[in-house]
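I'll walk you through one protein model today, so please have the picture open as I talk.

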Amino acid sequence: MKRVLLLGGGHSHLEVVRRFGMLPVLNTEITLVDAEPFSTYSGMLPGLIAGHYEFGDCHIDLARLAQRAGVRFINSRACGLDVTNRRLELNNGTRIDYDLLSINAGSTPSTAGITGADHALAVKPFQPFAHAWNNLIERARNGDLHSVVVIGGGAAGVEILLAMQFRLAQLAGTRRVDFALVTDAHCVLPGHNEGVRSAFERVLASRGITVILQARVEHVAAAAVILDGGRRITADAVVLATGAAAPAWFADTALKLDEHGFIAVDDRLRSESHATVFAAGDCASIKDRVYPKSGVYAVRQAPVLAENLRRTTTAQPLANYHPQRRALALISTGDKYAVASYGRMALAGVWAWRWKNYIDRKFVRRYNQYLR
């Protein structure tokens with residue numbers, strides 16, 4: 001009996017579980033471990049924050065998915081990994097031995113150079129942020145929330161800020177909440193074309209949002225953000241939506257990591273240092289392959305990851321993953337409106353949000369239909 005351990009219920013592992021459930025491998029025991037009982041589809045988080053979706057619209061029940069696929073699910077957090085002896089240790093004291101390990105543990109917002117980051121609300125992991133957001137809504141209703149600062153000018157920061165502002169503006173009887181966006185980049189959405197950047201610059205300006213460019217956050221205090229140079233911005237709440245950082249516990253393993261601390265894998269999504277370990281999604285990086293830390297790529301990696309885990313258990317040659325040169329990004333503006341970004345193309349409209357909504361719901365529906 002071969003023991004396959006899936007660590008993390010991210011986008012890639014959702015599909016791995018579904019595919020192994022549809023076509024099981026003989027004499028193979030599969031275990032899925034995640035600290036959260038539900039997997040959040042990241043593309044729908046801004047819509048959840050804005051109030052366009054309910055919890056069930058954008059979450060997948062990991063326990064039910066695992067049960068349906070004949071996979072054992074353990075709702076616990078990993079606290080140690082011994083890749084030499086092939087053993088994972090959980091925070092409840094349990095140890096799990098494995099023959100083959102796959103890691104799809106996502107990423108966290110980077111706090112490099114920022115002190116006091118524990119005063120901020122990180123957008124990842126998604127479920128703790130969603131709970132924190134509900135608390136902010138109550139503070140706004142009670143008149144205790146007047147200013148919010150979002151750190152990070154990429155798509156995640158811009159989308160979350162606009163979603164929060166839209167939702168709070170819909171709450172009857174609440175006072176105006178001022179929003180500010182701080183980024184160390186020279187513009188918002190630096191990874192996108194000029195048309196996309198211009199579209200969001202107009203949206204941010206029209207909604208009265210303060211945008212501070214080329215400013216590095218040095219410290220997050222209980223009620224303020226301190227920038228380099230000493231400028232102080234008052235904030236009743238601070239949201240951290242900076243670039244992706246690798247989970248800190250990777251550094252305590254013997255796995256080979258890249259210069260940013262992510263698991264170094266080859267084109268087959270297999271660890272460069274340990275042949276019995278695979279990794280996909282934000283937590284992994286492929287040498288000489290440059291692509292964004294985005295759920296789009298995790299979804300595209302899933303079929304290759306599932307196939308290579310299957311082939312490894314049956315001693316067959318592995319398949320290669322070829323990341324696409326560019327990916328379509330549909331970036332929402334808080335309301336039911338979005339901007340489509342693809343290479344040099346920039347198009348915007350209600351239709352773009354409807355397109356995004358269709359794609360996102362289709363992803364979640366794939367797994368919820370499997371559960372029926």
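Let's start with a question: is H13 buried or exposed? H13 is buried, with a relative accessible area of 1%. By buried I mean under 20% relative accessible area, while exposed is over 50% and partly exposed is in between, using a 1.4 Å probe and protein chains only.

Quick housekeeping. This is a predicted model, so local features need pLDDT of at least 70 and side-chain atom pairs count only at pLDDT 80 or more, while totals for chains, interfaces and linings use all residues. Residues are numbered from 1 along each chain as its sequence is written, and side-chain values use heavy atoms, with hydrogens and water left out.

Back to H13. You'll find H13 in helix α1, residues 11–22. Helices (H or I, at least four residues) and strands (E, at least two) are DSSP runs, numbered from the N terminus. Leaving aside neighbours within four places in sequence, H13 is in contact with residues including L6, S102, I103 and L305. Contact here means heavy atoms within 4.5 Å.

Now follow I103. I103 is among the residues with the most contacts inside the largest nonpolar core, alongside V148, M164 and L168, and that core has 104 residues. Helix α5, residues 155–170, gives the largest share of this core, 7 residues. Apart from this core lies another one, of 17 residues, among them A117 and V182. For the term itself: a nonpolar core is a set of buried Ala, Val, Leu, Ile, Met, Phe, Trp, Tyr and Cys residues joined through side-chain atoms within 4.5 Å.

Next, charges. Side chains of opposite charge can pair when their charged atoms come close. A salt bridge is a side-chain nitrogen of Lys or Arg within 4 Å of a carboxyl oxygen of Asp or Glu, and a search of the whole structure finds 17 of them. Because they are 3 residues apart in helix α1, about one helical turn separates E15 and R18. Both E15 and R18 are buried.

Then there's D97, which forms a salt bridge with R87. D97 is in strand β8 (residues 95–97) and R87 in strand β7, so the pair ties together parts that are 10 residues apart in sequence. D97 is partly exposed at 34% relative accessibility, and R87 is partly exposed at 30%.

On to the backbone. Most residues other than glycine have a negative phi, and most peptide bonds are trans. Which residue has a positive phi of about 55 degrees although it is not a glycine? That's R86, in the loop between β6 (78–82) and β7 (87–90). L189 also has a positive phi, near 50 degrees, and L189 is buried at 0%. And a cis peptide bond joins K124 and P125, with omega about 0 degrees.

Last stop: the hairpin. β24 (residues 335–342) and β25 run antiparallel, joined by 5 bridges. S341 has A346 in β25 as its bridge partner. Strands pair if DSSP finds at least two bridges between them.
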